[in-house]
Amino acid sequence: MKQWQIVEWAKLAESDFSPGAPAEGQVRLKMRAVSLNYRDHLMMLGQYNPKQPLPLVPCSDGAGEVVEVGPGVTRWKVGDRVCPIFSQSWVGGPPSKERISQTLGGPLDGTLRPEMVVDQQSLVAVPAHLDWEEAACLPCAAVTAWNAISDQPAGSRIVVQGTGGVSLFALQLAKAAGLEVLLTSSSNEKIERARALGADHCVNYRETPEWSRAVRAWARDGVDCVVEVGGAGTLEQSLRCLKPGGKIAMIGILAGAAKPLNVLPILMQQLRVQGVLVGNRDDFEAMNRVLARAQIRPVLDQRLPYSQAPQAWERLASGQHFGKVAISGCW
Ligand SMILES: NC(=O)c1ccc[n+]([C@@H]2O[C@H](COP(=O)([O-])OP(=O)(O)OC[C@H]3O[C@@H](n4cnc5c(N)ncnc54)[C@H](OP(=O)(O)O)[C@@H]3O)[C@@H](O)[C@H]2O)c1
């Protein structure tokens, strides 16, 4: 059996893998599928955490089958379908330094390996309607989207930026909750696909750099929430979209992490800028109930075989993907 490791920055290589036995309270998983997040792209380049020791098994997201349970395990049995949670120690409650520091795919070894041994508390059950690759998309991207928008009541209007993993989950969850969604994209072809998923209005941010004007034409009084995956490079436009009291769900840095900003609109309109760091196990389970009730299936751009893991990174880096890039298990 082989596992994939980042052996030096920008270099993924296969290495021998030795399966471990579960200790007290742990289970052993056969990993059935993995999915990529933009974070994994940054991690590969050494830009997420340049101090991360290597080698590292990449990827936070995956789904697997319980193949062995250790002594004292009560939550799972052999054959259960599960996803490891992103922050392995964050089961519930507010974030703390300890709870948010033990994340898969850096600093902890991640999911791109044949098997994992995981604490029984650090897993959630896979919704029954999802296959392995679909389930592997949930732990980071979907939970993040859920925490960005799940406080919005039906009828709220939101902006979703782009057509990557987080954004399409936000679109799907928002439509299931009765929200109205304006989606931005750099591609008119992707815009048509987003409309088919339920986007109420779409704007090409390349053709319309001042896209907040188009948002204001759609929602004259402003929107309730922006799912901010662009970061510093899009924040000024996003702030212009909000109604007084509206919220920026600050998630990503696709358009940069730092830029001078006029903060006056934030205080003059009592806007809220709320950071989102994925979420905890309780959030994941609450989201899964909604996915099951609404029969939401993740949007998969590609399902690549395990042997083609490097191509999955190339696909994500190309920016051509629509939704999630998944890698199937390794047997
Ligand atoms: N804070 C957290 O907990 C958390 C969790 C997950 C992800 N993130 C962050 O959120 C961001 C998105 O992650 P992801 O995994 O969803 O990425 P992804 O799947 O790679 O999505 C990339 C897509 O975003 C769109 N995009 C790129 N630059 C843009 C810009 N300047 N303005 C608007 N849209 C732009 C593009 O869509 P089009 O091709 O349609 O233009 C692109 O295809 C990343 O920065 C990631 O690190 C944070």
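Reader: How many nonpolar, polar and charged residues does the shell around the ligand have?

Author: Ala, Val, Leu, Ile, Met, Phe, Trp, Tyr, Cys and Pro count as nonpolar, Asp, Glu, Lys and Arg as charged, and the others, Gly among them, as polar. Here that gives 13 nonpolar, 13 polar and one charged. Keep in mind that this is a predicted model: local features need pLDDT of at least 70, side-chain atom pairs count only at pLDDT 80 or more, and totals for chains, interfaces and linings use all residues. Numbering starts from 1 along each chain as its sequence is written, and side-chain values use heavy atoms, with hydrogens and water left out.

Reader: Which residues come nearest to the ligand?

Author: A residue is near if one of its heavy atoms lies within 4 Å of the molecule. Of the 27 residues around the ligand, the nearest are Thr163, Ser185, Ser186, Tyr205 and Val276.

Reader: Which parts of the fold supply the shell?

Author: Helices (H or I, at least four residues) and strands (E, at least two) are DSSP runs, numbered from the N terminus. Helices α4 (138–149) and α5 (165–176) each give the shell at least two residues. By domain (bounds from an automatic or database assignment), at least three residues come from each of domain 1 (2–137 + 298–328) and domain 2 (143–275).

Reader: Which peptide bonds are cis?

Author: Most peptide bonds are trans, and most residues other than glycine have a negative phi. Leu54 and Pro55 are joined by a cis bond, omega about 0 degrees, with Pro55 in the loop between α1 (38–45) and β4 (61–69). Gly106 and Pro107 are also joined by a cis bond; Pro107 is in the loop between α2 (97–101) and β6 (115–119).

Reader: What is the phi of Ala10?

Author: Positive, about 70 degrees, although Ala10 is not a glycine. You'll find Ala10 in the loop between β1 (2–8) and β2 (11–16).
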